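Reader: Please walk me through this model. I want the criteria behind the terms.

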Amino acid sequence: MKILIVEDEAEMLNSITAYLAKAGYACEIAASYAEAEEKLALYQYDCILLDITLPDGNGLDLLTILRQHKSSTGVIILSAKNALDDRIKGLALGADDYLLKPFHLSELNARVQALLRRLQFEGSNQIGLGNLQVDILTRQVSVNEKMLVLTKKEYELLLFFVSNQTRVISKISLAEHIWGDNSDQNDSYDFLYSQIKNLRKKLAEAGAEHTIQAVYGFGYKLVKE
Amino acid sequence: MKLLNITTRYFLLLLLGLLIPWTAIFYFSVRHSIYHHVDEFLANRKFEIMQETNQNPALLHDSSRRKTDFILQPIRADQFKTLNETYKDTQVFEPLEKEMEPYRQLETAFQCHQGYYKLTILASLTDNRVLLSKILFNVVLLFIALIILMVVLNWLLLGRLWQPFRASLQQIRQYRLDHDAPIQFEATSISEFTELNKALMALIDNHRQVYQHQKQFTENASHEIQTPLAIARNKVELLMQDASLLVEQAELVGAVNDHLSRLARLNKSLLLLAKIENHQFPEVQEVEVVQLVRRISDDLGEMINFKGLNLTIEAIESVWLRMNPDLADIFFGNLIRNAIFHNVPGGYIRICIGKGRLLFENSGTELQEDPARFFERFAKNSAASPTQGLGLSLVQSIGNLYQLKVKYTASQAIHQLTVTC
């Protein structure tokens, strides 16, 4: 999978590239509008991460050019501006997703994966991991062909873990993923803890090869037992 | 009351204050001169009669003259002494017209050829009265004409002269700082309105500029702060992937990550508050409250179950509010979250939705302070709380934007947030 990352902030670019490269994507970078325009004309990408505020142009213009060529490339807009009109404009111009800075790399990774899955026509809606199967269309999880009954939030958590397998995901990024704005409440950590406990128990009872492991004090990780 | 109506009222009062006394004075002076004239005539007549009777005493007993304008009656000497000459108004029956007519009468006495006589002379006032009432009628007519003229003038002035004022007012009413181009008023030949328009244009232009700067600053600040924050957080996240971290180092990294995330959320909320207060959410649409509350409650359903709370939604009727959909989400989301997170295990939440009044009631702990304090920024129940203390501030700011009045009351362990709309 080839991803083009358009971002003028060098440090940000490095972090995103490092994280996504580890996840197994071929990453190319463009630090300016001109560079991005050139690369888009020359090569084909599966997914583009597009910062809309570039020093020499507006990322939305790149999106327009891209969509004029009827390219099926997936586009995720990265923006520091939480302006509704930007979001609406971006999505109207054909962006597939919109991620507000600052974001967690694990969240970005999950969004990229979800987008790429959606774009692959022939690809099934199934994600397999060991004996674990996740059907993202029906939102059903099974272990060894046996259905696993999960609550909505448990499912979201598991999918997030599966998307970021073998990565350490911080508690806060998990909480933000499932709770959004609610994640700063005391209860949300307690809740997260109980959800992970339940999820772990359900996975173990079903005989899954993977389990959720606590890492140091700050996060969790999906690992093979 | 319209300005012109006020001026008209004062003008009318002035006119009445001037015209009524003037009419009275005019009436009495005309009347006085008429009486003076008639009395003079009566006095002359008396003099004439006395002369005639002096020269021709036979006239004193000539009954044929009695049908004319005077009556002669012989009187005694003692009566003569007590009788004073008097002028007075009287009524006399006119057989021709078959009604009483006003007359002026002079009663006097005189001595003639050793006899005493009482002389009564009459003069008709009818013609003079008619004249007086005609004058009065015309004066009143003039009054009415003046008042009608003023009302008509009022209408014409309101329609014509105030037209530029009303046009400017209409423009200002419809003007939106966040939407429109600089305001341009119609040119007018009335210098007061030109001055007003000029001053308004300057004021609005100034506000527009301040607004634009603020908007730009908000967006720039967002960009400038969020980007380094995002970088820092991402670096920490990468660091967390390092399997060779020592436990102590990992704890430090975890703490840094937590605080960076808190900072990021705090910045986001503060920017949101600034944007709300700058009216930077111009898009509005009709939002149905019952549906929205149900959706948010569903999203939070697992958390509600986790805390063992009992949620009841009493939707009496659907309520439509005109507001920005994103802000509506935050507004009702924060109200419901507040009820969940400041609740006690096994407590309840009751949401009551009816036209004009939305109630969010929940069980909780007893408060030591005024609940209205929680609308202030960074007001928390306890300093150790990880929350930002901005949730209800946001609710209030959004409420202010759309004229929704939010009131927090707490009695013992029952907390109520009431929204009046």
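Author: Chain A has eight helices and 14 strands. Helices (H or I, at least four residues) and strands (E, at least two) are DSSP runs, numbered from the N terminus. This is a predicted model, where local features need pLDDT of at least 70, side-chain atom pairs count only at pLDDT 80 or more, and totals for chains, interfaces and linings use all residues. Residues are numbered from 1 along each chain as its sequence is written, while chains are lettered from A and ligands numbered from 1 in the order in which they are written.

Reader: What makes a residue of chain A count as buried, and what percentage does?

Author: A buried residue has 20 or more other C-beta atoms within 10 Å of its own, with C-beta atoms placed from the backbone (exposed: 12 or fewer; partly exposed: in between). In chain A, 42% of the 225 residues are buried.

Reader: How do you know that strand 8 and strand 9 of chain B pair?

Author: Pairing takes at least two bridges found by DSSP. Strand 8 (residues 348–354) and strand 9 (residues 357–363) of chain B have six bridges, in the antiparallel sense. They therefore count as paired. B:R350 stands opposite B:E361 in strand 9 of chain B.

Reader: Why do strand 6 and strand 10 of chain B each have one side without a neighbour in the sheet?

Author: The open sheet has five strands in the order 6-8-9-11-10 (chain B), with mixed pairing. Strand 6 (310–315) and strand 10 (405–411) of chain B stand at the edges, each with a single partner strand, so one side of each lacks a neighbour in the sheet.
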